[in-house]
Amino acid sequence: MTDLTTAIKLFSSLNRAPGATWTEATKRKAPHKPLLLLAVLDLVHRGVITTPFIAVTSDLVELNELFNLYWRRVVPLGQTSSIDGFHGVTV
């Protein structure tokens, strides 16, 4: 299996909470995990994140800003979220 095939399989099997709040744009499930992963991958691609651990530093500020950008593009107006409670993770 290629890395891309593996990534697609893992992305498609994320455990996401269903709910009436979520629209068809999110397949009626919470979009937090996919949006956070996309933001992380974006920053890795740009060279901002260069290690397997994301610490609570300036990386987190940029990650939160990118997550919020993706959030506003997908989630209906009025629903808010952030990764402010995030303390770091190994990816």
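Me: Is Arg 28 buried, exposed or something in between?
Reply: This is a predicted model, and in it Arg 28 counts as partly exposed, because its relative accessibility is 45%, which falls between the 20% limit for buried and the 50% limit for exposed.

Me: Which residue does Arg 28 form a salt bridge with?
Reply: The partner is Glu 24, and the closest N and O atoms of the two are 3.8 Å apart, which is within the 4 Å cut-off for a salt bridge.

Me: And where in the chain is Arg 28 found?
Reply: Arg 28 sits in the loop between α1 and α2, and its phi is positive, about 60°, although the residue is not a glycine. Lys 27 is found in that loop between α1 and α2 as well, and Lys 27 too has a positive phi, near 60°, without being a glycine.

Me: Is Lys 27 buried or exposed?
Reply: Lys 27 is exposed, with a relative accessible area of 59%.

Me: What about Thr 26, buried or exposed?
Reply: Thr 26 is buried, at a relative accessible area of 4%, and it also lies in the loop between α1, which covers 3-12, and α2. Leaving aside residues up to four places away in sequence, Thr 26 touches Arg 16, Pro 31 and Val 74.

Me: Back to charges, how many salt bridges does the structure hold?
Reply: There are three salt bridges in the structure. Besides the Arg 28 and Glu 24 pair, the side chains of Arg 46 and Asp 42 meet in one, at 3.0 Å from N to O, and Arg 46 forms another with Glu 62, where the closest N and O atoms are 3.5 Å apart. That last pair links distant parts of the chain, since Arg 46 is in helix α2 and Glu 62 is in helix α3 (residues 58-74), 16 residues apart.

Me: How far apart in helix α2 are Arg 46 and Asp 42?
Reply: They are four residues apart in helix α2 (residues 32-46), so about one helical turn separates them. As a general point, an α-helix has 3.6 residues a turn, so residues three or four places apart point the same way. With Glu 62 included, Asp 42, Arg 46 and Glu 62 are linked in a network of salt bridges.

Me: Which of those are buried and which are partly exposed?
Reply: Asp 42 is buried, with a relative accessible area of 18%, whereas Arg 46 is partly exposed at 48% and Glu 62 is partly exposed at 29%.

Me: What span should α2 have, and what does the model give?
Reply: At 1.5 Å a residue, the 15 residues of α2 should span 21 Å, and the end C-alpha atoms are 21 Å apart, so the two values agree. Just after α2, Gly 47 takes a positive phi of about 85°.

Me: New topic: which residues touch the most other members of the largest nonpolar core?
Reply: They are Ala 39, Leu 63 and Trp 71, out of the 15 residues in that core. Both α2 and α3 supply at least two residues of this core each, and the largest share, six residues, comes from α3. In soluble globular proteins generally, nonpolar side chains tend to be buried together.

Me: How many aromatic pairs does the structure hold?
Reply: It holds two aromatic pairs. In the pair of Trp 22 and Trp 71, the ring centres are 6.0 Å apart and the planes are at 90°, so the pair is edge-to-face. Trp 22 lies in the loop between α1 and α2 while Trp 71 is in helix α3, so the pair ties together parts that are 49 residues apart in sequence.

Me: Are Trp 22 and Trp 71 buried or exposed?
Reply: Both Trp 22 and Trp 71 are buried.

Me: And which residues do the ring pairs link into a cluster?
Reply: The ring pairs link Trp 22, Phe 67 and Trp 71 into a cluster.

Note on methods
Residues numbered from 1 in each chain as written. Predicted model: local features only at pLDDT ≥ 70, side-chain atom pairs only at ≥ 80, totals over all residues. Heavy atoms only, no water. Buried < 20%, exposed > 50% of the residue type's maximum accessible area, 1.4 Å probe, protein only. Contact = heavy atoms within 4.5 Å. Core = buried A, V, L, I, M, F, W, Y, C linked by side-chain atoms within 4.5 Å. Expected span 1.5 Å × (residues − 1). Phe/Tyr/Trp six-rings, centres within 6.5 Å; stacked < 30°, edge-to-face > 60°.
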